[in-house]
Amino acid sequence: MFDSIDDLGTKLAATGYFIDPVMTQVVFLAAKLQKPLLLEGPAGSGKTQLAISVAAAARTHVERLQCYRGVTEDKAIGRFDEGLQRLYMEFSKGQHKNWRTVQANLKGRDFFRPGPLTRALECERPCVLLIDELDKVDEGFEAQAFKRACSCFGLGRYLYNFTEMWVPLNEYRQPAEYPRLPQWALPKGNNTGKSHPAAGSRPPAVQRGPIDQKTTVRIEGSRRILGDPIYGEILWRVAHARQANGIPNAQLQANVAEAMERASRGFSKAHSLAEQIGETSFIAILDRLRIESMTTIPRLEMLKTLVVELEREAARSAA
């Protein structure tokens, strides 16, 4: 991208952007090693402009992902265009042998509208990927976005030289099989490559069965108490479902409901301890843990940490 540090400095200066020699060296090394560059500083200090100027100096463009609290993986990776899919269904009536061929076409690349992460990876020549305000996203977004990118949208091929773009999904929208990874990509100590799911085919899908609608309603009612982050975490951890009505069978429904009740008891305990220590101390603990409110606790582990901190403060107050 740049022949030397002096070449980078000259091209940046030509765009009207001037930085000190140390920063120029850092940018050059990041480009040479193809490593990300993390910039931190107050608003107006030139972080975004640096990315724009580097792109201009390299005669390429910027793909920008603007992060914020609540941003979804659809915004980062992309999503299927449902309107275009419906239009295709209308114009292709009677042209397919069976539903499997229709589904294969609908889930093809033509109907997918890529987000900035996908566009950056598919770019014909290297571009500058600017991920702005990264500290605003929660951990759930980071985990789900990259998990979905690697499993469903085939971004792993850019890491592991896979020849195929798409990973086949079964009727439950789960990967039907995992691509085989090279030995170096498997966890250390895995000599046979058989115990890691990416080393072979996927275990059988979860058995579908009858469900109890009353339990579904009870599970959905927990969202108001737990908040969206923890509610979603329990659904995914226990049943690999994103919605209560997507839980595959009654046994998993019961497991999810039990986990929701345990988490609800944790919330009840937190509220009780908050009343005991007083509003001022309670708000101070929330601020220390960077929790905005009880309904936005990002994960179960944070709820446990909050209860522990409240118990310690209650014990100190009692002493």
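Guide: Gladly! Let us begin with confidence. The protein averages a pLDDT of 78, and 76% of the residues score at least 70; pLDDT is the predictor's confidence in each residue, from 0 to 100. This is a predicted model, in which local features need a pLDDT of at least 70 and side-chain atom pairs count only at pLDDT 80 or more, while totals for chains, interfaces and linings use all residues. Residues are numbered from 1 along each chain as its sequence is written, and side-chain values use heavy atoms, with hydrogens and water left out.

Here is the whole protein in brief. Its secondary structure comes to 15 helices and 4 strands, where helices (H or I, at least four residues) and strands (E, at least two) are DSSP runs, numbered from the N terminus. Of the 319 residues, 35% count as buried; buried means under 20% relative accessible area, exposed means over 50%, and partly exposed lies in between, using a 1.4 Å probe and protein chains only. Among contacts with a separation of 6 or more, 63% join residues 24 or more positions apart, and contact here means heavy atoms within 4.5 Å.

Among the elements of the protein, α13 has the highest mean pLDDT (92), whereas helix α9 (residues 156–160) has the lowest (47).

One partner of α13 (residues 250–277) is helix α10 (residues 213–221); their axes come within 10 Å and cross at roughly 30 degrees. Such axes are lines fitted to C-alpha atoms, for helices over the stretch in contact, and the angles run from 0 to 180 degrees between N-to-C directions. The pair α10 and α13 is therefore roughly parallel. That label covers angles under 35 degrees, while over 145 counts as roughly antiparallel, 65 to 115 as roughly perpendicular, and the rest as oblique. As α10 passes α13, the crossing is left-handed, a word used if the near helix is turned anticlockwise from the far one by less than a right angle, with right-handed if clockwise.

Now zoom in on the residues. From α10 come Thr215, Thr216, Arg218 and Ile219, and these meet Gln253, Val256, Ala257, Met260 and Glu261 of α13. This set divides into 4 nonpolar, 3 polar and 2 charged residues. In that sorting, Ala, Val, Leu, Ile, Met, Phe, Trp, Tyr, Cys and Pro count as nonpolar, Asp, Glu, Lys and Arg as charged, and the others, Gly among them, as polar. With a relative accessible area of 10%, Thr215 is buried. Leaving aside residues up to four places away in sequence, Thr215 touches Gln253 and Ala257.

Next, follow α13 to another partner, helix α15. The axes of α13 and α15 come within 9 Å and cross at roughly 30 degrees, and these two helices are therefore roughly parallel to each other. Their crossing is left-handed. On the α13 side, the contact uses Ala263, Gly266, Phe267, Lys269, Ala270, Leu273, Gln276 and Ile277, and α15 brings Leu300, Leu303, Val307, Leu310, Glu311, Glu313, Ala314 and Ser317. By class, this contact of α13 with α15 has 10 nonpolar, 3 polar and 3 charged residues.

The loops deserve a glance as well. His240 lies in the loop between α12 (228–239) and α13, and its phi is near 50 degrees, a positive value in a residue other than glycine. At 48% relative accessibility, His240 counts as partly exposed. Arg290, in the loop between α14 (279–288) and α15 (300–318), has a positive phi of about 60 degrees although it is not a glycine. Arg290 is exposed, with a relative accessible area of 77%.

Helix α12 also holds Pro229, which counts as partly exposed at 29% relative accessibility. Although Pro229 and Thr296 are 67 residues apart along the chain, their C-alpha atoms are separated by 6.7 Å. Beyond four places in sequence, Pro229 touches Thr295, Ile297 and Pro298.

One caution before you explore further. The pLDDT stays under 50 over residues 157–165, and it also stays under 50 over residues 190–204. Where pLDDT is low, the predicted coordinates should not be read in detail.
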